[in-house]
Structure formats: C-alpha cells, structure tokens
Amino acid sequence: MSSNKNALIRYKTLDKCLKNKYRKYTLEDLIDECSEALFEFEGKESFVSKRTVQLDLQNMRSEKFGYEAPIEVFERKYYRYSDPDYSIHNISVNESDLKAMNNAVQILKQFKDFSMFKEMNGVIQKLEDSIHSTNQKSIIHLDKNEQLKGLEHIDILYDAILNKKVLNITYKSFKARESDSYVVHPQLLKEFNNRWFLICFNKDYAYNLALDRMENIQIEENIEYIDKNLDGDEYFKDIVGVTVSPTMAPRNVVFFVDSSNAPYVKTKPFHASQEIVSENNEGTVFKICVQLNYELERLLLGFGECLTVYKPKKLRMRLQEKFAAAKKNYENLIIEDED
C-alpha cells in the first residue's frame, strides 16, 4: 500500500476519533487507533510512530490540505475538535472554488458520450448536483468526434493494457485487399490528429494500429504478456505523429515559413525541439530534430506554398515530387466550369 494511501487512512481514523463526543483520546490512543486501522486494511501488523501521528495532527491543523481542523488538547492530554460539528469531510467551499469546479464539470461533460468515459456519467452528475451547477453552455470546446469509427474498441484495448493481456486483432489496412490477423502485446493508446492508434508489439516488432481499421479483437489467454514498460513521452519524443522507427536516428529538419504564416508556427511549434535559426522581413527559418515519417510530411505539405524545406535533401526532394504531382493534377484536370 502506498504511503499516500496510508496517510489517508490515518487522517480518516483521526477524524473519526476527534469528532467522537463519547470518548476521550490521548495521543497514545490515537496511535493505537491508526495502527489498528492500517492492520485492518493491510492484513498485517503495522505500528504507527508517535512522530507520524503528531505530524498528521499538525497537517490537519494547517492549510496544507485545506483542512484547518480545530484540534485542541483539553485537560492537558486529550485530543478533540473544539467545534463538535467539524469533520474533514465537511470542508466548506468558497465561491471561487465553486466556479472552478463548475468549469471543470463543463469540460468533463464534453466526454460523457465518449466510450471510455461512460463510467464517468454518474460522477459528473454528482458533481453537477453537489455544486449546484447550472445548465450553462460550455465556454471551452474540445476538438473531438464521438462518431469516429473504431472508438468502440477503446474499452477492450484499455483494459488489455491495464490488465496485461495479449490480443489477437483482425485488421485491414487501407491498402490491403484482405484482413490480416495480428497477435500483439498492447502497450499504449495514442490519439493524433483526431484518430486513435494502438501501440503494440509482436515480440520485438512494433506496430501502430489504427482503431478505425480494426475489425475484431480477441483476448489470447494462453499467451504470456510481454510488458515493454513504454513511457509515452519518451517513446514519442523524436517524432511528429505516431510512426516510430526503432532504427532511424532523428534528423535536423530545416524549413522556411513566410512572414504571414511564421507566427502560427512560432506559437504552435511542430515539435518540442523547434527553434528559430534566423528571421527577416521575408519570413523565418526554423529547425526541428525528428525522425522522418509520413505524419511529418503531411504536416509540412499542409502549409503549401507558404513553407519550403531546406534540409535534409531527401525530405526536400520528396516534397518537391509531391507538389509536382499535385500541379499535374490541376494541369490535366478537365471539368465543366460551374456558374
């Protein structure tokens, strides 16, 4: 059991004792009560020190956790609340707190129809009731689409990662004529550009499988799960998007953005490594250090004629080819003009 959870058990036990009007508690009594409570939850002897309980009482008296408990010592040895109606579970909430909680509820409500947040519906309703939330419209609107294909798979994938289960996924990519079967060890769920992906492994080979291409998911109970212990921040730190190469080293990507669009790139960097190389009245030269992947190309292409890749040459030539092909699409386009 974690030290934080132990502390919560002690605070709850102390609160129960201090508000008890029918018994007097010495410091030794409080120590015994906390030890017994921890024994009840842990199932083994767990003795609490005098110093620990004294520190708990000090924390409860202070503003540290917002308790400010009116703990007093009477008859020079017994502990109780000076206010007999006080409890740490009856903490008053000011108007500022109510507004902050109401704002949080408005944000949570945007997820209430989202598959993996179904269990939150009751919690959100309780929060609304407890803070007397009005039916005001949400001021913050998050970019989401509950109708995205594949969202129905999030629950089973999330549970498989949490409970370390191997999966057999029937999957059909956009390029494939027929579906394939993948036996994988799921590690992370990743959202990018309003699409969801499962990061998983088959032995040492990594996959990022789009949820909208999954047709069926079965749990493989007889295969031992391999936990790669992936840290999302570390795993994705050298890329834009979701496609990570285990062998590709990150490259310095240098690109120019014209003056009218440079502020957008400055205020919303392409990557955490982004820095400014130079700038003038014409525009700004940026540099990022990332792996070269499909998502990066799509991002750069999205700026059209406003962005020019300088380095590396391989990336510059690839984008040049794509723009040339796009130009041909319009040159060869034959369509009846509309009024």
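View A. Because their planes meet at 80°, with the ring centres 5.0 Å apart, Tyr 235 and Phe 236 form an edge-to-face pair; rings of Phe, Tyr and Trp (its six-membered ring) pair if their centres lie within 6.5 Å, and planes under 30 degrees apart count as stacked, over 60 as edge-to-face and the rest as tilted. The charged end of Lys 190 sits over the ring of Phe 236, 4.5 Å from its centre, where such a contact requires NZ of Lys or CZ of Arg within 6 Å of the ring centre and within 35 degrees of the ring normal.

The model is predicted, with local features needing pLDDT of at least 70 and side-chain atom pairs pLDDT 80 or more, while totals for chains, interfaces and linings use all residues. Residues are numbered from 1 along each chain as its sequence is written, and side-chain values use heavy atoms, leaving out hydrogens and water.

View B. The structure holds eleven aromatic pairs, and that of Phe 74 and Tyr 78 is tilted because the planes stand at 40°, with ring centres 5.6 Å apart. Phe 74 and Tyr 78 are buried, and Arg 80 lies over the face of Phe 74, at 3.9 Å from the ring centre.

**View C. A cluster of tyrosines.** Tyr 171, Tyr 182, Tyr 205 and Tyr 207 are linked into a cluster by ring pairs.

Definitions and conventions:
Buried < 20%, exposed > 50% of the residue type's maximum accessible area, 1.4 Å probe, protein only.
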